[in-house]
Amino acid sequence: MGGLRGGQPPSTVAPLAFLPYPNADAPSEDLIARCVHCGLCLPTCPTFAVLGVEMDSPRGRIRLMKNVWEGRLGADAAAFDDHMNTCLDCRACETACPSGVEFGKLVEGARSQIVAARNASLGERVIRFVALDALLPHRRALAAFARFSYLSKRLGAGAALRAIGTVSHAARRLAGLLELVPDQAPTSEGLPRTVAAHGTRRARAALFGGCVQRAVFGATNAATARVLARNGVEVTVIEDQTCCGALHAHAGERDGARALARRNIAAFERAGADVVVVNAAGCGAALKEYGWLLKDDPAWHDRAARFASTVRDATEYLAEIGLREKPGPVRAKATYDDPCHLLHGQKVREQPRALLAAIPELTVVPLVEADWCCGSAGTYNVTRPELSRQLLERKVGHIKSTGAELVVTANPGCLMQIQSGLRREAPAVRVVHLIDLLDEAYGAS
Amino acid sequence: MDVLGRGKVVATREDMLTYEYDGSADTASPDAVVLPETTADVAAVARFCHEHGVPIVPRGAGTGLSGGAIPVEGGVVMSFARMARILEIDVPNLRAVVQPGVVNLHLSTAVAPHGLYFVPDPSSQKACTLGGNVAENSGGPHTLAYGVTTNHVTGLEIVLSDGTIARLGGKAVEDEGYDLVGTFVGSEGTLGMVTEITVKLTPLAEDRRTVLAAFTTMDQASETVSAIIASGVVPAAIEMMDNLSTQAVEESVHAGYPLDAGGILLVEVEGVRDGLEDARERIEAICRANGASSLRLAATALEREKLWAGRKGAFAAMGRLAPDYYVQDGVIPRTRLPEILRRVNEAAASRGLRIANVFHAGDGNLHPLIVFDLRKEPDALRRAQEAGLEILAACVEAGGSITGEHGVGMEKNCFMPLQFRPDDLAAMRRVKDAFDPAGLANPGKVFPTPSRCREFSLGAVR
Ligand SMILES: Cc1cc2nc3c(=O)[nH]c(=O)nc-3n(C[C@H](O)[C@H](O)[C@H](O)COP(=O)(O)OP(=O)(O)OC[C@H]3O[C@@H](n4cnc5c(N)ncnc54)[C@H](O)[C@@H]3O)c2cc1C
Ligand code: SF4
Ligand code: SF4
């Protein structure tokens, strides 16, 4: 309106003063145009709740993305980097938005531009290389790291590192990583290639093993295969699959994510299963978005979209086909915490709750703010430790007030984060993956 | 500004880009943004600004639809996002004392365990703040039966633009002296800042019935509204949507809104359980008599919630139709609904604009939403404003007003002469001058400003 009445329209600066988006992964103007700046998403945003500033709200972040298109802000601006990376990529704002703004695509697009626009500092590059290129795609290296972490934790390395951490930033970050290593010993026990369905076969599923889970959550993968098999699904585990690329995409490394996606698509096409089942919400959300990730690659786009349409979260799939065999009783009081990338990323809400309700004698009590991020958010606990800690404390507080002895979730990242929060505050409360709990319940029947 | 100390001021150019807008189509850049945490902070900033002649623009959640929180004359934007504590819940006296940044719905959620709620429920209630509600005297679907914000506020703490801290009213309903609480409610930040609010709490209804009625034409739906009101049944809410709105809303919530209806009504009755069924039957009979093509009763709480989520997210769902919208807020006598709605649609169609109508029909409070894509039609906003002017003129002519609940702000200040004579405006001006002699409290709002309103030759419309 300002223009019409000659008020004070926002100052416009010569467009060439700011760096525009470097490439086609930029958050598109069409996706941005969906946002009518109504503000309805604000109260669901954890970073807005904690910081109380518009630039760390979904609406503010979208506006900054728009400002880059308008030439009023550089894609390489430090503030742009800061606000895009303070975002948890939890996508709670997507669930809240009546206009259907796809915020995950926007913020991941924005981050890719920051990576492309800025020469990352040397230290940052080393950490990125070790984490994203050397560890994640390589199962054995990751398994070795996991075993090392588990051991060093048992040896009290975390405490030692934290002490050093008061002087060294890098040591503090490592100590943070160690905190996240789960209490159970890593099992890289190999799964058999095929697990036969019990009774008549209803479908053939290929299990997505993931990288982090395979290294430290081998047991959950085995449990997933057992639970599926019990319900009439034949499960294959294919060897040439690799990391899903979610962490790459969240970090703005889209080329890296695309390379991994192509390998996975080819591998799963060869397996020729009816569905691809995944038990890590973060991976599932990434796999379901392969079509978008490869949207500008004509050779791969259709294959990617087809692959994506076969992906199901394990809880989603089990609820869809229905439990054929009744689980045994679990006498406990439990509460369920929604993983962001399951609830907001994949819109899977009722299915896990239905599975819990199917376990006899399990009392399920609601968790306040179950739809809020626990602060894990990929590598957030490492990149924004202070905010992550505040969110974790909030989560732990709500968990404690339920009086539940069992916290059920459906994503390894959340599991590790919540476990690390409860370890100090309420060591008696156990955190468990829903599929592991189902598997236990079946064991009890 | 060291008045507040570190962490409470946003002053970089990049960060301030996110304080240029609110829920409306207006924008302007602030010179600084402050984030007070206490009344003392607010007063300190006010004293500083007063000394230096700098305007202060209060900001709640920035969901406003008339540009109220936009610093049209520059100055300091004062965000209340960090003054968001519920200070007291006084169950026996049915009162709560809150800071202005408390989100409307958070208050109702907090008092729900006591069987209470805060009545005004703007469709933006998930996000908008009580400070914003007070400033705009907001209404909502359920204010039809129970009154708007001003009927539910009994006390305020305010800070004037020179830093004076004053308390108006309290927990009691009646107070001696001038009704300054009533004066402050709806003043859109132009009299000063609200730093504490005492509100009335209301017992939740025992039960409710929510009916969705579909009609072939908007005329039939409009006639039904008049007929329901005339019948003596007092619904808690009567909301109306046209086909375009319904399309956008259904895509967003998948609540089963009928996509082929020309117009739909969402009618709710509530109260003690006895008699509810009777009221529902009477409403359904009236709908049928006026040609309803289908009737649906929300069978579960979840179904009801979904229907309301659709209605309440309707403005925001416009993003599914086009990136930009311009919404008007005129009020008309309910009996004139069919005729004025036709004029509303003509005002848009004759200018080649798409229009969606979703509004508080029971209050006669229209919300024509003109949707467009500024990237493709750069002059659409101007055409929309022209249509808006014509629509508001029609409302005033029919005996209504130019704003029901969204406020005047910088969006409609140029239209004020449609409704008020120069002397009316001068009387209002004196109230403003009494509270804010220096003219620093949210300047450029409510009153027509000569520099910005010159282009509106209202004489031609009148
Ligand atoms: C999707 C949507 C639906 C809506 N539905 C409705 C509806 O049904 N009914 C309705 O009435 N409105 C509705 N609105 C408009 C808007 O939400 C209301 O006007 C709301 O009260 C604004 O609150 P806010 O906190 O966002 O205030 P803001 O937009 O931030 O500010 C609004 C005005 O209040 C002033 N202000 C804010 N806080 C203070 C304070 N502490 N002291 C003094 N002045 C202050 C500002 O200066 C400004 O003039 C809707 C908006 C949207 C986006
Ligand atoms: S993202 Fe959606 S909810 Fe948030 S401001 Fe934009 S349109 Fe509104
Ligand atoms: S993804 Fe999460 S943290 Fe990021 S803007 Fe949305 S709600 Fe906020």
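Student: Which residues surround ligand 2?

Tutor: A residue counts as near a molecule if one of its heavy atoms lies within 4 Å of it. In this predicted model, ligand 2 is surrounded by A:Cys35, A:Val36, A:His37, A:Cys38, A:Gly39, A:Cys41, A:Arg59, A:Ile62, A:Cys97, A:Pro98, A:Ser99 and A:Val101. Residues are numbered from 1 along each chain as its sequence is written, with chains lettered from A and ligands numbered from 1 in the order in which they are written. Local features need pLDDT of at least 70, side-chain atom pairs count only at pLDDT 80 or more, totals for chains, interfaces and linings use all residues, and side-chain values use heavy atoms, leaving out hydrogens and water.

Student: How many residues of each class does the shell around ligand 2 have?

Tutor: Ala, Val, Leu, Ile, Met, Phe, Trp, Tyr, Cys and Pro count as nonpolar, Asp, Glu, Lys and Arg as charged, and the others, Gly among them, as polar. The shell around ligand 2 has eight nonpolar, three polar and one charged residues.

Student: Into which domains is chain B divided?

Tutor: Domain bounds come from an automatic or database domain assignment. Chain B has domain 1 (6-79), domain 2 (86-203) and domain 3 (207-317).

Student: How many residues of domain 2 of chain B are in contact with domain 3 of chain B?

Tutor: Contact means heavy atoms within 4.5 Å. Nine residues of domain 2 of chain B are in contact with 12 residues of domain 3 of chain B.

Student: Which side chains meet in a salt bridge?

Tutor: A salt bridge is a side-chain nitrogen of Lys or Arg within 4 Å of a carboxyl oxygen of Asp or Glu. The side chains of B:Lys312 and B:Asp121 form a salt bridge (3.2 Å, N to O).
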